[in-house]
Amino acid sequence: MPSSTLPECAHYVSPPETKEDLKFADLPIIDLSKTDTPEGRAELYPQLRDALRTHGFLYAINHGYTQARRDRIFDIAGVPFNDVSPDEMKIYTASIEQVGSYAGYKPRQFWKIDTENQIHDQIENYAINFNVTKRPHPIALRPFLPELDDFARHNHFNILHPILRLIALSLELPEETLVEKHNFDRTAETSGYHRRSDDEEEKSKNVWLKGHTDTGSIIIPWSQPVGGLQILAPGGKWKRVKHIDNGLVINTGDMITFFTGGYYKPTIHRVIRPPSDQRAYDRLGAYYFAMPDNNVRLLPCAESPVLKRVGIERQCLDEDSPSCETWRKGKIKKYGRSELKKGVERGVEEEVIEGIVVKHYN
């Protein structure tokens, strides 16, 4: 950390965990400290492979950040929402539809959640490039940029890269195969999920963010206690994801599916209204969204011995494969804004991005 004297901000007091008897997904836990040695990686990659192929989600612990440092990040995560005026927020609004970028603020009620009932989201995001100096930031956030830089680099080099090495090993590829596609120039994000009216909850059937897959490769939400995150579990049932103190909840996105020829699917997940004993609280989150380099083509790693044995499930012809930048911008511009069509599957809506069908799950 650049300085031993840290700037002050309000302390975020984590809400208590729910005491309701809920159906939680039985997700495996991997110990990231074991990725420091070849023997540890050899032990972990089958665990990661089985978890991601079965659930698409897993927990990670012993990632190198103490509970105190994690808590400090959640203190800072509240600054863009609590210490910045609405007028200043407008200055830093993300160019989502114009440029296809979330960098800056995504305002509330920007995404359509239920078109039929005209229900929009109550989610407020502030996204930051990993190079925290790449764009200007609100005045209140600027003193915290050294800490955010440290957080971004820790996510990138100490969490993402080990996960990518395990995935490469699971495909019998050189360990650095996917790491080399992920240089340090993408975005991290904080978000606040605000409570909605009972009328909105009824009309949207308590869904805050409909079932979807994430755009990037690997997504790392830092676990927080306010429930609401659900995954579409094997068997087609929605199950909640349980909070683990100072744990990570890691899932796969679209781009890993491209790279692995469908061996790893993008995780279908959604956010619903929290349990009744947590509904007095807003939901604050800190996330890392890994994106490969802009110019990387979304082609399967066809040289993988594993993919040669099991076969490749292509999203499109190789010659039509989009670049990471094209896919990222195309999906960001359309998400929550375009008119969706009913899909063949029950409760599924569809749209087409870069010639590829993208599904949304209700």
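How many cavities of 30 Å³ or more does the count come to? The count comes to three.

## About the model

This is a predicted model, in which local features need pLDDT of at least 70, side-chain atom pairs count only at pLDDT 80 or more, and totals for chains, interfaces and linings use all residues. Residues are numbered from 1 along each chain as its sequence is written, and side-chain values use heavy atoms, without hydrogens and water.

## Cavity and pocket

A cavity is a set of points on a 1 Å grid, over the protein atoms alone, where a 1.4 Å probe fits but cannot get out. The second largest cavity has a volume of about 90 Å³. The lining divides into four nonpolar, four polar and five charged residues. Here Ala, Val, Leu, Ile, Met, Phe, Trp, Tyr, Cys and Pro count as nonpolar, Asp, Glu, Lys and Arg as charged, and the others, Gly among them, as polar.

A pocket is an open set of points with protein on both sides within 12 Å along at least five of seven lines. The second largest pocket has a volume of about 600 Å³. Of its 21 lining residues, Asp114, Glu116, Lys205, Glu349 and Asn362 are closest to the centre. Strands E4 (112-114), E8 (207-212), E13 (269-272) and E16 (348-353) each give two or more residues to this lining. Strands are DSSP runs of E, at least two residues long; helices are runs of H or I, at least four. By class, the pocket lining has five nonpolar, seven polar and nine charged residues.

Two packed helices are described by the angle between their axes and the distance between the axes. Axes are lines fitted to C-alpha atoms over the stretch in contact, and angles run from 0 to 180 degrees between N-to-C directions.

H1 (residues 38-54) and H6 pack at about 85°, with axes 8 Å apart. H1 is therefore roughly perpendicular to H6 (65 to 115 degrees). The contact (heavy atoms within 4.5 Å) includes Leu44, Tyr45 and Leu48 of H1 and Ile163, Leu166 and Ile167 of H6. By class, it has eight nonpolar, one polar and two charged residues.

## Helix H2 against H6

The axes of H2 (residues 67-77) and H6 (residues 145-170) come within 11 Å and cross at roughly 125°. The two helices are therefore oblique to each other. Arg69, Arg72, Ile73 and Ile76 of H2 meet Glu147, Leu148, Asp150 and Phe151 of H6. These residues divide into four nonpolar, no polar and four charged.

Methods. Parallel < 35°, antiparallel > 145°, perpendicular 65-115°, else oblique. 1 Å grid on protein atoms, 1.4 Å probe; cavity = no way out; pocket = protein on both sides within 12 Å on 5 of 7 lines; lining within 4 Å. Points joined across faces, edges and corners; volume = space filled by probe spheres on them.
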